[in-house]
Amino acid sequence: MIPEITLTDPAAMREADDRLLDARPRYEPPVPVDVRDVAVPGPGGAPAVPVRIFTPAGAGGRLPGLLYIHGGGFVLGSVDAFHDDALCIAAEVGAVVLSVEYRLAPEHPFPAGLEDCYSALTWTAANAAGLGIDPGRLAVGGESAGGGLSAATALLARDRGGPALCFQLLGIPELDDRLDTPSMRAFADTPIWNRPNAELSWDYYLGEGVRGTAGVSPYAAPARAEDLTGLPPAYVTTCEFDPLRDEGLAYALRLVQAGVGTEVHHYPGTFHGSGLIPDAAVSRRMAADRLGALRRALRTVEQPA
């Protein structure tokens, strides 16, 4: 059953998300994974940022690290809700995954959530040795709003002089507050995500009356960034019946044109959140493709000659 997502009442939708989480089957990792919660210093005197760390048990040597940023339209989602996704990456890629409990809109509009993510990234890089992370294999990634925040975190890392990133995973990313692409205009009633939800998402994140206006920061809406050179290699996914489809494809093309090594996967017949039907053949393919991309980028598998 596909859940109905509406952002008109964020508090009620968060409660519904919690009920959905309680009802769904849990992922069982094929290898042991140590899980612990920490709090890292917040940005500029803000509260500490909760981070959940997933470390494959018994690994020899330093592992790659992935800062994982959950989805939810900047309004929904939590480390708990996306626990299994982060656990799966840690277990099946062989990486230390750090999942960020960033502050949500509308209670905490931009740049609060993004600065939380960047603070978690800088803490991860500074503590790489103790975390068992190879600092040369540090990446950022997420899906939906998490994909947009991952793109923004990569931009911040470039423009603030670090930490260095080897990869950015941008799954069905939310990137553009202007909402003027053909897919955004066409899909007003698609499952999970649609234009009405997108409008509310950006209104909560930027403040009502701000989306689509001049001067919106490219760190809020990475599609507005004029210069994409010098960013880490990217993996971008899009779905056919997703209002975010065209902004994801356009951003991927601009990354390619900027000289950024970019792999793009567009999945016909899918919608935003198709992965919630995990037994569908395309969902299994999407999941396998993502894990494969992470293994290649983080060099956890031997590369062909």
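Biologist: Where does Pro111 lie?
Modeller: In this predicted model, Pro111 is placed in the loop between β4 and α3. Pro106 belongs to the loop between β4 and α3 as well.

Biologist: What is omega for the peptide bond from Phe110 to Pro111, and what is that bond called?
Modeller: Omega is near 10°, and the bond is cis. Ala105 and Pro106 are also joined by a cis peptide bond, with omega about 0°. Most peptide bonds are trans.

Biologist: Why is Phe74 counted as buried?
Modeller: The cut-off for buried is under 20% relative accessible area. Phe74 has 3% relative accessibility, so Phe74 counts as buried. The residue sits in the loop between β3 and α2.

Biologist: What makes strand β3 largely enclosed by the rest of the structure?
Modeller: Strand β3 covers residues 63-69, and seven of the seven are buried, so the strand is largely enclosed.

Biologist: How do you know that β3 and β5 pair?
Modeller: Two strands pair if there are at least two bridges between them. β3 and β5 (residues 133-143) have six bridges, in the parallel sense. Tyr68, for example, has Gly141 in β5 as its bridge partner. β4 (residues 96-100) is joined to β3 by five bridges, and these strands run parallel. Leu66 stands opposite Val97 of β4.

Biologist: Which elements make a right-handed β-α-β unit?
Modeller: They are β3, helix α2 (residues 83-94) and β4.

Biologist: How do you know that the span of α7 is close to the expected one?
Modeller: The expected span is 1.5 Å times one less than the number of residues. For the twelve residues of α7 this gives 16 Å, and the helix reaches 16 Å from its first C-alpha to its last. Its buried residues include Trp202, Tyr204 and Tyr205. Just after α7, Gly207 takes a positive phi of about 105°.

Biologist: What makes the approach of Asn194 to Asn197 a polar contact?
Modeller: The limit for a pair of N or O atoms is 3.5 Å. At the start of α7, a side-chain oxygen of Asn194 comes to within 3.1 Å of the backbone nitrogen of Asn197. Asn194 itself lies in the loop between α6 (182-186) and α7 (195-206).

Biologist: Why is Asn194 called buried?
Modeller: Buried means under 20% relative accessible area. Asn194 is at 12% relative accessibility, so it counts as buried. Leaving aside neighbours within four places in sequence, Asn194 is in contact with Phe187, Ala188, Asp189 and Pro243.

Biologist: Which residues have the most contacts inside the largest nonpolar core?
Modeller: They are Leu98, Tyr205, Tyr251 and Leu255, in a core of 66 residues. Helix α5 (residues 145-159) gives the most to this core, with eight residues. Apart from this core lies another, of 27 residues, with Phe54, Ala86, Leu87 and Ala293 among them.

Biologist: What does Leu255 touch?
Modeller: Not counting residues up to four places away in sequence, Leu255 touches residues including Leu170, Leu228, Leu231 and Val260.

Conventions: Residues are numbered from 1 along each chain as its sequence is written. This is a predicted model: local features need pLDDT of at least 70, side-chain atom pairs count only at pLDDT 80 or more; totals for chains, interfaces and linings use all residues. Side-chain values use heavy atoms; hydrogens and water are left out. A nonpolar core is a set of buried Ala, Val, Leu, Ile, Met, Phe, Trp, Tyr and Cys residues joined through side-chain atoms within 4.5 Å. Buried means under 20% relative accessible area, exposed over 50%, partly exposed in between (1.4 Å probe, protein chains only). Helices (H or I, at least four residues) and strands (E, at least two) are DSSP runs, numbered from the N terminus. Contact means heavy atoms within 4.5 Å. A crossover is right-handed if, with the strands pointing away from the viewer, the path from the first strand over the helix to the second runs clockwise. A polar contact is a pair of N or O atoms within 3.5 Å; within protein, one must be able to donate a hydrogen and the other to accept it, and residues adjacent in sequence count only if both atoms are side-chain atoms.
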